[in-house]
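Let's take a walk through this model together, from its overall layout down to a few individual side chains. Keep the structure open beside you as you read.

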Amino acid sequence: MKRVLIANRGEIALRIVRACHEEGLEAIAVYSTVDRQSPHVRAADRATLIGDAAPGESYLSIDRILDAARRTGADAVHPGYGFLAERATFADAVVAAGLTWIGPPGDAIRAMGDKTEARRRMQAAGVPVVPGAVDPIASAAEARTLARELGYPVMVKAAAGGGGKGMRVVADEAGLAAALETAASEAEKAFGDAGVYLEKFIAQPRHVEIQVLADAARTVHLGERECSVQRRHQKLVEEAPSVAVSRELRERMGAAAVAAARAVDYRGAGTCEFLLAADGSFYFLEMNTRIQVEHPVTELVYGVDLVREQLRIAAGQPMRIAAGSWHPRGWAIECRITSEDPAAGFLPTTGRIEYLRPPSGPGVRWDAGVESGNEITLFYDSLLAKLIVWAPDRAGAIERMRRALEELVIVGVGTNQGFHERLMQDPAYCRGEVDIQFLDRRPDLAVAAELGGNLGVIVAAALAEEAARRAGKPTVAAEGYAASEWTRLALRDGLR
Ligand code: MV4
């Protein structure tokens with residue numbers, strides 16, 4: 001394996017270029033017409049245009065990517081995450097083209113991609129799954145009987161579903177029939193398959209996932225990531241380890257994740273997602289057969305480079321993880337910096353990055369897919385960069401994240417930076433009291449209360465201040481006035 005084609009864009013593409021170079025491999029970038037100026041293109045050894053901005057004309061096109069591999073002489077393909085990363089037919093096509101696939105076997109992707117098949121295999125492997133039925137419900141009477149056995153509340157889910165679509169919580173038997181009907185019709189519309197099944201509803205769980213790494217000889221786990229701070233199934237903040245996971249629970253969840261991976265002959269990096277209930281019971285949700293956005297928090301507390309491990313394993317080498325039990329050291333937190341406006345319901349924003357000053361300093365990592373001058377469009381996911389910090393303990397990591405967010409300046413496109421700043425000041429978050437409904441309970445975190453509607457005034461004051469300074473005229477700050485809180489905020493936020 002000498003030349004890796006990276007079938008992706010943005011921060012993960014740059015991340016893989018760097019891992020290739022550290023492994024002594026050549027990196028080939030692909031780009032669409034709007035990504036010509038992206039950092040991953042310049043960082044690669046070679047880059048080739050694969051098509052127009054629309055993903056279907058570029059990053060989602062198996063033919064275009066395989067053509068690019070042929071014309072650049074690549075001998076391996078890394079899919080990153082998203083796009084084709086979990087498309088089993090892409091894995092098969094790469095292997096059929098005689099190239100090395102840097103990911104799990106197509107059959108493992110297929111097995112874990114079918115939620116019902118995955119659940120069946122997990123039960124056979126002794127991995128705890130949520131109590132419930134595997135096969136779709138055949139009648140309302142059957143549903144009533146099963147729901148009584150499980151005990152209310154129960155959850156109705158679409159058999160062909162995933163990502164939270166077509167789910168209904170049913171508090172008592174009176175609501176069951178209606179829930180089955182609506183869930184079935186939603187499932188028919190969304191997935192073309194009206195099959196629904198029942199599970200015991202797990203109230204206010206945490207979303208905790210276990211990192212797994214498997215080479216030809218060993219399957220190991222690298223602890224957990226806490227991913228409960230999410231909105232509409234979009235993660236915003238992740239951390240490792242989790243305040244809710246003791247060393248003993250980590251070993252039990254880790255063993256379950258390793259058993260899950262072994263059950264599908266897994267290879268490479270993968271993640272098992274669990275629901276973790278307040279009483280410490282945990283249930284397998286699904287396995288992600290790819291490197292994940294939030295992999296850096298695991299890397300920082302376990303001292304590993306997961307992407308380099310992916311490359312080594314795909315090349316048939318053993319993983320670098322020494323045998324023996326592993327424990328996390330310190331604490332890591334990741335904030336996803338996105339081109340979204342929290343005050344507008346996290347709607348995507350566009351614009352040109354006029355000025356970007358990343359944070360740095362001890363324990364600060366900035367994994368970015370953009371730089372000053374880049375145009376942000378609506379063609380792709382809104383992730384601009386990941387801000388990750390490491391510190392000896394959680395309080396230190398939160399403090400460091402506050403400092404790093406204070407240093408971060410992005411001018412030209414709206415971002416969710418203010419949301420992260422408010423979260424890192426939130427008492428409940430700082431106490432680690434989060435679960436999957438945390439953000440649903442805290443819409444206040446989305447809007448900048450102290451600035452509120454005065455933002456226009458503040459920006460005007462800041463820009464006037466800046467204009468005066470540039471013109472050499474006396475300014476509030478320079479005159480030594482005790483800059484009021486408003487001016488201070490203005491200068492900081494206005495400049496931002
Ligand atoms: C659940 C659940 C509670 N009880 N199943 C959401 C998407 C899919 N991965 C499964 N999901 C859930 N299944 C039972 N029996 C709560 C969720 C859930 C959720 C899970 C993980 C992360 C975020 C979530 C947000 C809403 C609901």
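Helices (H or I, at least four residues) and strands (E, at least two) are DSSP runs here, numbered from the N terminus. Please also keep in mind that this is a predicted model.

Strand S6 (154-158), strand S8 (196-200) and strand S13 (282-288) each supply at least two residues of the shell around the ligand. In total, 17 residues surround the ligand, and the closest are Lys-157, Glu-199, Lys-200, Ile-202 and His-207. Sorted by class, the shell holds eight nonpolar, five polar and four charged residues.

In the side chain of Lys-157, an N or O atom lies 3.0 Å from a ligand nitrogen. For the side chain of Glu-199, the corresponding distance from an N or O atom to a nitrogen atom of the ligand is 2.9 Å. Ile-202 takes part through its backbone, where a polar atom is 3.0 Å from a nitrogen atom of the ligand. Of the 530 Å² that the ligand exposes when taken alone, the protein buries 89%.

Now step back to the domains. The protein chain is divided into domain 1 (3-102), domain 2 (131-200), domain 3 (206-445) and domain 4 (449-493). Where does the ligand lie relative to domain 2 and domain 3? Both domain 2 and domain 3 give residues to its shell, so the ligand lies between them. Domain 3 also meets domain 1: their centres, taken over C-alpha atoms, are separated by 23 Å, and the contact takes 34 residues from domain 1 and 29 residues from domain 3.

Next, look at Gln-211, found in strand S9 (residues 206-214). Buried means under 20% relative accessible area, so Gln-211, at 1%, counts as buried. Its side chain joins that of Arg-225 in a polar contact of 2.8 Å, and a polar atom of the Gln-211 side chain lies 3.1 Å from the backbone oxygen of Gly-270. Beyond its neighbours within four places in sequence, Gln-211 is in contact with several residues, including Val-220, Leu-222, Thr-298 and Leu-306.

Leu-306 counts as buried because its relative accessibility is 0%. Not counting residues up to four places away in sequence, Leu-306 touches Gln-211, Leu-222 and Thr-298, among others, and Arg-15 is also one of its contacts.

Terms used
Residues are numbered from 1 along each chain as its sequence is written. This is a predicted model: local features need pLDDT of at least 70, side-chain atom pairs count only at pLDDT 80 or more; totals for chains, interfaces and linings use all residues. Side-chain values use heavy atoms; hydrogens and water are left out. Buried means under 20% relative accessible area, exposed over 50%, partly exposed in between (1.4 Å probe, protein chains only). Contact means heavy atoms within 4.5 Å. A residue is near a molecule or strand if one of its heavy atoms lies within 4 Å of it. A polar contact is a pair of N or O atoms within 3.5 Å; within protein, one must be able to donate a hydrogen and the other to accept it, and residues adjacent in sequence count only if both atoms are side-chain atoms. Accessible areas come from the Shrake-Rupley method with a 1.4 Å probe; for residues, only the protein chains shown count as cover. Ala, Val, Leu, Ile, Met, Phe, Trp, Tyr, Cys and Pro count as nonpolar, Asp, Glu, Lys and Arg as charged, and the others, Gly among them, as polar. Domain bounds come from an automatic or database domain assignment.
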